[in-house]
Number of protein chains: 2
Amino acid sequence: MRKVPANDVYMRPSFLRTLMDRVADKMIPYQWETLNDRVPDAAPSYCIRNLKAAAGLIDAPHGGCVFQDSDLAKWIEAASYMLIWRRDAATEANIDYAVELMEKAQMADGYLDTYYQLTGIEKRFTNLRDNHELYCAGHLLEGAVAYYEATGKRRFLDVMLRYIDLIDATFGLEDGKKKGYPGHEEIELALVKLYQITKDPKHLRLAKYFIDERGSTPNYFAEEAKARGDGPGWSRSVYSENRYYQAGAPVREQQSALGHAVRQVYLLIGMAEVARETGDETLKAACDRMWKDITRRQMYITGAVGQTAFGEAFTFDYDLPNDTVYGETCASIAMFFFAQSMLGLSPNGEYGDVMDTMLYNGTISGMNLEGNRFFYVNPLECVPMRSLKSQIISHIRPERQKWFGCACCPPNLARMITKLPGSVFTEADDTLYMNLFTCCDAETELSGGKAALGCDTRYPCDGRVSIKIKRSFEGFRLALRLPGWVKSYTLTLNGASVVTVMDDGYIFLDQLKAGDAIEYDMHMPVNAVFAHPAVSQDAGLVAIKRGPVVYCLEEIDNGDMLSNVSISPDAEFKADFLPDKLGGIVEISCPAKRVSLAGWDEYELYALDRKPCYDDFTARFVPYYSWNNRGKGEMRVWVRTH
Amino acid sequence: MRKVPANDVYMRPSFLRTLMDRVADKMIPYQWETLNDRVPDAAPSYCIRNLKAAAGLIDAPHGGCVFQDSDLAKWIEAASYMLIWRRDAATEANIDYAVELMEKAQMADGYLDTYYQLTGIEKRFTNLRDNHELYCAGHLLEGAVAYYEATGKRRFLDVMLRYIDLIDATFGLEDGKKKGYPGHEEIELALVKLYQITKDPKHLRLAKYFIDERGSTPNYFAEEAKARGDGPGWSRSVYSENRYYQAGAPVREQQSALGHAVRQVYLLIGMAEVARETGDETLKAACDRMWKDITRRQMYITGAVGQTAFGEAFTFDYDLPNDTVYGETCASIAMFFFAQSMLGLSPNGEYGDVMDTMLYNGTISGMNLEGNRFFYVNPLECVPMRSLKSQIISHIRPERQKWFGCACCPPNLARMITKLPGSVFTEADDTLYMNLFTCCDAETELSGGKAALGCDTRYPCDGRVSIKIKRSFEGFRLALRLPGWVKSYTLTLNGASVVTVMDDGYIFLDQLKAGDAIEYDMHMPVNAVFAHPAVSQDAGLVAIKRGPVVYCLEEIDNGDMLSNVSISPDAEFKADFLPDKLGGIVEISCPAKRVSLAGWDEYELYALDRKPCYDDFTARFVPYYSWNNRGKGEMRVWVRTH
């Protein structure tokens with residue numbers, strides 16, 4: 001399986017195109033301003049300042065986190081992929097300017113990391129565990145690859161080729177090299193992207209080395225810490241033996257997702273990409289096992305992953321607390337990419353299902369409808385007073401922020417969205433797989449020839465998809481994803497029902513000809529969703545979903561104390577498209593009850609034998625991604641049942 | 001109101017006497033062994049070793065926490081109060097030995113704190129905020145008062161009088177004195193106890209000074225930290241401005257309980273005691289306000305207080321998470337003492353109600369039935385796997401421990417229990433108030449003369465109390481507490497019904513004569529208890545209570561995944577006395593349902609439109625205090641309803 005590249009897909013107005021335009025119109029320019037520290041009252045970024053200082057153009061200390069360079073790298077990647085579908089001279093000039101600074105900042109031997117360049121170059125490559133050097137290198141590399149792909153300009157790529165040569169000369173199993181690997185994975189997947197351009201085996205070999213060496217004995221991080229005279233870092237308590245860094249065992253032996261969520265999933269992307277390029281079945285098996293563990297046992301219904309703020313980490317199977325969840329935006333974005341990489345290993349509709357889960361829920365919840373405020377943490381329940389007063393909930397911000405001291409999420413979201421044209425289709429032999437449903441025109445070269453189609457849909461507002469084949473060839477086959485939530489659908493070819501083959505979550509349509517019209521109607525009722533009984537935190541609760549979209553209650557629509565609201569799973573749910581609410585949403589409403597406060601005087605905390613009394617009202621659910629666009633208030637995804 | 005002293009009350013076999021015997025037989029000797037570091041595999045105490053080193057008898061560094069001395073102090077207090085009702089030469093010799101060490105360790109100017117004596121005496125009194133000097137002094141003082149009361153021996157008291165003189169000369173508003181007060185309150189209440197023996201006004205004045213000065217501007221802890229070049233300590237995030245130490249505002253201005261729970265409640269005890277001795281109405285009003293805030297808005301049904309492990313602290317009104325609760329044993333013990341002190345300010349049954357809540361639930365849950373294993377944290381819900389794998393739950397130990405590096409709780413429990421004879425009655429003028437129900441004989445001197453009575457009951461197993469008046473005088477009045485949970489009762493005097501006055505939670509019986517027999521029968525059905533709807537964490541849940549005893553489900557009786565168990569609040573509850581189960585308990589059973597796992601294959605995390613199926617079974621509830629006496633397993637107080 002390979003992706004149908006972004007160049008081959010033109011995105012017409014749709015839900016996804018709206019996201020793309022928001023990113024292009026607002027986020028890309030806004031984030032450039034933040035990277036230049038020009039947004040008042042936002043946490044400073046220092047990115048450009050650090051580069052200027054490293055280039056010797058100004059005198060300034062390093063500012064921000066050790067991984068600050070990666071924010072700029074992700075922005076360049078996001079902006080580059082935007083250039084593919086919206087050529088914009090000003091943005092391109094901004095990238096060129098940043099690349100020029102990087103070229104100036106780069107050391108003679110290829111090294112480029114403003115943190116070490118400004119705080120003490122002699123310490124470089126001595127703390128891979130904590131200081132994110134290889135992580136930053138990975139993001140810079142992704143940025144360089146993206147800019148090259150979008151513009152053909154080699155300047156950034158050449159900078160990075162020099163840096164990668166230095167890294168390659170520094171790390172590896174050969175004598176005299178350090179047997180290190182990154183504390184925060186990322187460079188593995190970036191090296192595969194580089195390899196796909198250069199076809200230079202050393203790039204793939206280096207990616208494979210970083211994966212294969214990880215977790216070997218003696219443990220590199222333990223040795224490295226000993227050499228520094230340093231402590232265990234995050235390798236303590238529940239994360240001992242460097243499990244926090246996915247380095248407690250070789251990756252092929254790891255049984256379940258553990259430690260820092262973004263690191264874990266970035267590693268898995270790298271593993272899947274290396275497995276695809278090398279055909280390594282043991283690595284593929286490890287990816288399969290971890291995919292199942294995460295998606296079947298450690299993923300929230302919204303697609304949030306990482307159950308705890310303590311280390312932004314996974315905890316254990318079926319532990320899914322809704323109130324203390326972390327659910328970093330970056331981790332859901334990583335899951336979107338991981339699903340894409342799994343799709344590269346084998347076509348299966350469930351990967352597209354997870355892409356949908358991420359895309360319509362837990363990633364885009366990370367930004368507001370205007371594109372200038374961001375969540376780092378995506379809770380399934382928010383009570384603003386708790387965030388303010390209870391330290392264990394304090395990571396859950398009740399309002400999106402302008403920027404963050406650690407601002408990994410906003411540019412990550414931007415790059416996921418600007419890359420969307422390349423995420424819609426995959427192809428293998430003569431088959432074109434449609435994984436996302438959106439309005440688009442696509443033309444691509446398959447094994448047997450060129451095929452083109454146009455697609456129209458209001459997805460995810462409804463499940464009807466109209467496809468017109470515009471160009472075909474003998475043997476052309478279209479595979480339409482059949483999402484897991486679909487219980488019934490109709491499919492017609494030129495108005496007549498059609499015999500199809502169904503396999504691995506796809507419906508296959510064979511021998512399509514130019515002019516053929518396909519009407520695919522996935523019936524999209526409101527679903528009451530129940531969690532596996534092993535999830536103790538969801539016992540007695542129900543979530544509302546329609547198609548791929550998860551819903552929530554907000555205080556502004558339903559009053560406060562949402563924990564006292566209950567609905568019947570058998571209720572009649574109404575779904576109404578409201579074009580003017582929250583940028584156009586399908587609102588869901590149903591009869592509901594709330595515990596009455598009448599009779600509870602303020603001085604009674606526990607009452608004997610007094611069953612709760614209820615008031616009836618109509619509950620209104622809005623898409624989870626749209627919450628907190630109307631001021632601060634309570635929010636809740638899982639609702640009590642009666 | 002004053003307490004009827006322990007000397008006047010003889011405790012006969014009963015629930016409480018069983019606790020007392022367990023402490024005397026097991027905990028006092030066991031804890032002496034731990035204090036001497038002679039229990040294998042238990043966390044070391046270092047208490048005696050530190051004293052020996054400070055006395056110059058051995059050469060050893062200071063071991064344990066800064067407040068290690070207080071463990072020994074509390075043990076001496078516990079053992080001393082035991083001596084009142086069980087004279088034991090070996091224990092008395094052990095105390096004498098410890099006192100001799102203290103006398104030897106004490107410095108010429110009266111100072112006595114092994115931490116500073118062994119780590120750098122020049123730093124003494126420079127970090128009241130963090131280093132617990134005045135807290136340790138307070139506990140030593142309580143120990144000295146107890147030993148003097150129990151034995152009449154002055155040696156320990158004299159040591160402490162010298163130390164208190166030094167403290168009095170060091171702290172105060174006078175020129176040249178430090179305007180400090182303890183970071184961990186305790187000495188205030190201890191000074192009142194000392195004053196009650198010495199009647200020396202300077203002891204009461206010092207207690208009052210520590211209370212009045214607290215939270216004044218400029219903030220002493222802030223100034224002290226500045227002088228040390230130190231950071232904010234716990235005065236950060238939600239606890240900024242030294243609120244963690246109850247020093248964000250003067251005590252009379254504080255509106256709700258905040259910060260470290262034990263510190264907060266110890267302060268309140270000191271405030272109530274000073275208010276009683278001085279008649280200070282503004283201080284009494286502050287106590288009333290805080291009493292209401294805690295008991296009506298921040299206390300768990302088990303009597304646990306302190307909702308968060310982050311600083312062992314209160315959070316905010318109606319925030320009562322059951323899974324991440326702290327509920328330190330010491331904090332519930334403190335609440336027991338606070339209730340007693342409030343009783344000293346005015347007779348009100350609700351203080352006795354809270355004493356019951358603590359006594360039969362959240363304090364004694366801190367020890368096992370054998371008296372040699374202890375909980376520091378008392379959760380309302382325990383899933384052992386979560387404690388093991390989720391850092392935010394890791395403070396919740398699924399099994400009681402042999403000892404703790406910070407071992408404040410076990411000796412605290414011991415002293416609460418050995419003091420019980422002095423906790424049963426209070427008296428004012430000619431009225432004797434019975435606050436606890438237990439088998440005992442009491443003889444006490446009231447204003448108008450001597451009164452004596454005998455009491456028999458199986459409380460809390462049932463609510464029948466038989467009282468025989470053995471001695472009386474003209475005008476003698478008995479006040480029987482009418483617990484808040486009593487919905488109906490019968491009361492007879494010499495077999496006939498009797499007209500009584502009821503007020504402030506007591507039933508008053510006037511003009512009792514020697515030979516009078518009172519039968520007081522508080523009907524004790526099983527109660528289904530619901531929390532105030534503002535407690536979001538208890539929405540849809542019910543707790544089972546019978547009389548003062550809160551119940552729980554344990555895995556050993558009900559299987560695992562207790563979150564999937566639900567009962568009807570209208571269920572018929574059976575209550576059976578089982579003499580051989582858990583030391584003799586009333587077990588409660590009722591029909592229940594549990595979500596069936598059938599049909600949920602292991603690969604399905606969220607299911608659309610599939611309502612849970614239920615299996616019927618009989619749920620068995622045991623008293624909360626008795627949990628985890630039959631091995632490790634899940635436990636749950638609040639249960640779902642259907």
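Between chain A and chain B, 18 residue pairs are in polar contact, both residues at pLDDT 80 or more; a polar contact is a pair of N or O atoms within 3.5 Å, where within protein one must be able to donate a hydrogen and the other to accept it, and residues adjacent in sequence count only if both atoms are side-chain atoms. On chain A, the side that touches chain B draws at least two residues from each of α12 (281-297), α15 (384-389), β17 (526-531) and β23 (606-608). Helices (H or I, at least four residues) and strands (E, at least two) are DSSP runs, numbered from the N terminus. With six residues, β17(A) gives the most to that side of chain A. By class, the side has 34 nonpolar, 16 polar and 16 charged residues; Ala, Val, Leu, Ile, Met, Phe, Trp, Tyr, Cys and Pro count as nonpolar, Asp, Glu, Lys and Arg as charged, and the others, Gly among them, as polar.

The model is predicted: local features need pLDDT of at least 70 and side-chain atom pairs count only at pLDDT 80 or more, while totals for chains, interfaces and linings use all residues. Residues are numbered from 1 along each chain as its sequence is written, chains are lettered from A and ligands numbered from 1 in the order in which they are written, and side-chain values use heavy atoms, with hydrogens and water left out.

The contact (heavy atoms within 4.5 Å) takes 66 residues from chain A and 66 residues from chain B. The two chains bury about 5,600 Å² between them, 63% of it on carbon and sulfur atoms; buried area is the accessible area (1.4 Å probe) that two parts lose on being put together, summed over both. In chain A, the residues that lose the most area to chain B are A:Leu605, A:Tyr606 and A:Leu608, together 14% of what that side buries.

Four salt bridges are found across this interface, each a side-chain nitrogen of Lys or Arg within 4 Å of a carboxyl oxygen of Asp or Glu. One of them joins B:Lys611 and A:Asp570 (2.6 Å, N to O). A:Leu608 has B:Val529 as its bridge partner in β17(B). Two strands pair if DSSP finds at least two bridges between them.

Within chain A, seven strands form an open, antiparallel sheet in the order β2-β8-β9-β10-β16-β12-β13. Its edge strands, β2 (9-11) and β13 (496-497), each pair on one side only. Three bridges link β2(A) to β8 (residues 440-446) in the antiparallel sense, and A:Met11 is partnered there by A:Cys440. Further in the order, β9 (residues 449-457) and β10 (residues 464-471) of chain A pair over six bridges. A hairpin of six residues joins β9(A) to β10(A), and A:Cys455 stands opposite A:Ile467. Five bridges then join β10(A) to the antiparallel β16 (residues 517-522) of chain A, where A:Lys468 has A:Ala517 as partner.

Chain B holds an open sheet of six strands, β1-β6-β7-β11-β15-β14, with mixed pairing. Its edges are β1 (2-3) and β14 (501-503). Two bridges pair β1(B) with β6 (residues 425-428) in the antiparallel sense, and B:Thr426 is the partner of B:Lys3.

Over all chains there are 70 aromatic pairs, counted for rings of Phe, Tyr and Trp (its six-membered ring) with centres within 6.5 Å; planes under 30 degrees apart count as stacked, over 60 as edge-to-face and the rest as tilted. The rings of A:Trp291 and A:Tyr351 are edge-to-face because their planes stand at 70 degrees, with centres 4.9 Å apart. This pair links distant parts of the chain, A:Trp291 in α12 and A:Tyr351 in α14 (residues 349-362) of chain A, 60 residues apart.
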